[in-house]
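Here are my notes on the model, point by point. Please read them with the structure open.

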Amino acid sequence: MSARTPIDDEVIAAVESAVREFDQPQIVSRRILSWLTELSRGQTGRADNERRFDALRTAIRVDSTGGSVEEAEE
Amino acid sequence: MKVELLGWRSKGLRCPDFDISLTDKKDRIYRVALIQMPNGTGKTTTLTCLRAALTGEAKEWSPERVQEFRPRESKDAFGEFEVRLRYEGRPLTLSLRLDFDMNSVHYATTYERGRQERFAPPPELLRFLKVQVVRLLIFDGELPQQLMKATETEAEAAIDAFFQLYLMGEVRAAIDEIWERRTSGKTAKQDKGYSRRRGEVERLELKVSELQALQKKLRARLDAATAEAKKLKAEIDERVGQTADLRKNQAELDEKIKNADGALKELLFALMARVRAPHLLHQRFALALSSLKDQLDRLRLPESSSRQFFEELAQEDLCVCGRPLDDVTRDAIRLRAPMYLASDKSGVVNSMKTDITRHLASESTGGEARESLEQLAARVTDASHQRDVLEAQRKAITQQLIDGGDEQLRKLQERLDALHKQARGDQEALDDIDRDPFNDNEQTSNCLKWWRSKLDEARDKLAEITETLELHRQSEILKLILNRARDLAMAGLKMKIVSDMNRALERILKGHNIRVKGIERSLVLDRQRGASQGQQLAVGYAFLTTLFQYGQHEFPFVVDAPVTALDTRVSSEVGQILPKVCPQFVAFVLDREREGFVESLAMAAKNDVLYLTAFDSSERNASLMKSLPKKDVTRTPNGVLVTGKEYFNNVTLPR
């Protein structure tokens, strides 16, 4: 087992493909892969996760009907 | 991630006490380490302890399970097993201590921060130290069958672990955690809550808008009424003024009313000023203020502006009191200065103290007897009454003419009265709209400020849920992407692995016609039923070596009897492959496995091979004990360890 790149090419391609399928900009796949790479190099802390999540949120495109939302009691 | 197995040490267990080192003199691991042991020497114990040390699973062992490791006829209360690793270049030791009297197992971990009396590998390594992964690394003889058993998920679990697909799950978990954290205090997180809040904002917007329209309408009507009233009053005055006497009376009364208005205004100002000076309202306020002043910090100056004052004072010849300063008193000033310095808020406190002193002093020493609040209020009432009387007198003049039959004047006056009545009603309604809220329960009122505050609150809540919903939708999209990416990655990797495995199998099992059709949860062979045990083992190797080849981590691969079930040609093929795909291959071999396998293995490893032969010093190995080489022999109380290729290749171990 060798350590060439932190994330396998197949995984990189899968992330890019999934991001395209959900009609999201390319930057989303870059940020997901960056998060995965950081995780693969060691455990990230809560602050790192928050930072990465917020970076992803700014890149995610939500259309007016997007996202499934459950009904729940307030 | 890189993990190397440096060695292990066993003591007081159902295997000889050995300290096996897998490193050379430079502390570098051998690419291949072969440990030749006769059956019954404790291989199973060693491998089980290796797995248990790496996974922490022995904490769950039953008393019977613990007793299985106690040497027969031993009275020792403890057994020990220690695994030495190198994780990312740093030493890591995991050890087990079996208490045969208490039937318990105690773990210890030695890593960067020293020794911890528990199973505590670094967190990032811990996720690989799961039973399912470790049984791939410390190869379980039953694994090949399980890799192909439809009900097992070993194959998928292995791909997940080696290609880090679990990381997508970790990101998903982090997103869930962030969502929970950010919305934990929020009362509404879903669309239903959004609709309700949107509806509430719309309802309040409508109410505020209605009130604003009413306010505008009332103001306009009041303005119109005022203008008309002014005009009517002028007309009435003009009509009244047509009679000379009445005109004179009216003018006099107007003057008096004007003066009465002025007097009333002055008195009202005086009353308000009195109310604004609480210490003048009642003696209790004055006492309370005096008490407050006494309780405030004494002799404190704002530090930011006053520190320099003390510093400069200490450089003067004379103190502020006029006495000469010397070095002792100067030092005392510097030393004691902090006692008189406080935060900048002390400036405000000082100012309060000064104001209280000034106001209280002016009251008590002013000399002029101040009028009491009650007296002032009574004068206001009198002045107001006086003005009303004058107004009534003025109106009586008009009434006198009306009573005398002036029809035109009557109509004008009636219209004026009606306007005043309407204006009073409108003014009251307007005052109700413009006033401050009495309390938080004004649902039935027209208090605009209250309704606006409710609208602001509702808008805040709507904004909160709008943000929450956006967060929810973004989180959901991200999780859907991650799920899809994992599925795509797993499918792609399976295809790639199947293709590579089949290429390896064509070489390893030449002519056997064994091919992998696919990977579902387990490996699916083209003709599964016909695969022999040896063929299944070869398929297992093909799978694992393919994983090793593509995965992103370096782990040792430890196998017991690696080629027992394979024929010589297949053994040789396996031997050629393993060192090329494993950074560290450790095998417990039987002497009958040497042929074909060891030679090809050594060649593929470029002779970077450690040869060890180990056996216990029991009676059945007496002949071996008599023919030991002269060097590279380590004796322990119950075993012998011989290092070296020659002995390894030539010794015949008892069956």
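1. Ring pairs come first, so a definition is needed: rings of Phe, Tyr and Trp (its six-membered ring) pair if their centres lie within 6.5 Å, and planes under 30 degrees apart count as stacked, over 60 as edge-to-face and the rest as tilted. Over all chains, the structure holds 13 aromatic pairs. W61(B) and F69(B) make a stacked one, at 4.7 Å centre to centre with 10° between the planes.

2. The basis of the model: it is predicted, local features need pLDDT of at least 70, side-chain atom pairs count only at pLDDT 80 or more, and totals for chains, interfaces and linings use all residues. Side-chain values use heavy atoms, with hydrogens and water left out; residues are numbered from 1 along each chain as its sequence is written, while chains are lettered from A and ligands numbered from 1 in the order in which they are written.

3. W61(B) counts as buried because its relative accessibility is 12%. F69(B) is buried too, at 4%.

4. F309(B) and F310(B) form an edge-to-face pair, 5.3 Å centre to centre and 70° between the planes. F309(B) is partly exposed, with a relative accessible area of 41%. F310(B) is buried, at 13%.

5. Ring pairs also build a cluster: F139(B), Y541(B), F557(B), F585(B) and F597(B) are linked in this way.

6. Charges over rings deserve a look. The test is NZ of Lys or CZ of Arg within 6 Å of the ring centre and within 35 degrees of the ring normal. The charged end of R65(B) sits over the ring of W61(B), 5.2 Å from its centre. K59(B) lies over the face of Y107(B), at 5.9 Å from the ring centre.

7. Now the sheet. Strands are DSSP runs (E, at least two residues), numbered from the N terminus, and two strands pair if DSSP finds at least two bridges between them. In chain B, 7 strands form an open sheet of mixed pairing, in the order β8-β13-β14-β3-β15-β17-β16. β8 (138–139) and β16 (633–636) of chain B stand at the edges with a single partner strand each, so one side of each lacks a neighbour in the sheet.

8. Look at β14(B) (residues 584–589). Strand β13 (residues 556–560) of chain B pairs with β14 in the parallel sense over 5 bridges. V558(B) has V586(B) as its bridge partner, and V559(B) has A587(B). Strand β3 (residues 32–36) of chain B also pairs with β14(B) in the parallel sense over 5 bridges; there, I35(B) is partnered by F588(B).

9. How many residues of β14(B) are buried? The count is 6 of its 6. Q584(B), V586(B) and F588(B) point one way, while F585(B), A587(B) and V589(B) point the other.

10. On a 1 Å grid over the protein atoms alone, a cavity is a set of points where a 1.4 Å probe fits but cannot get out, and lining residues have an atom within 4 Å of a point. The whole structure has 3 cavities of 30 Å³ or more.

Notes. 1 Å grid on protein atoms, 1.4 Å probe; cavity = no way out; pocket = protein on both sides within 12 Å on 5 of 7 lines; lining within 4 Å. Points joined across faces, edges and corners; volume = space filled by probe spheres on them. Buried < 20%, exposed > 50% of the residue type's maximum accessible area, 1.4 Å probe, protein only. Helix = DSSP H or I, 4+ residues; strand = E, 2+ residues; numbered from the N terminus.
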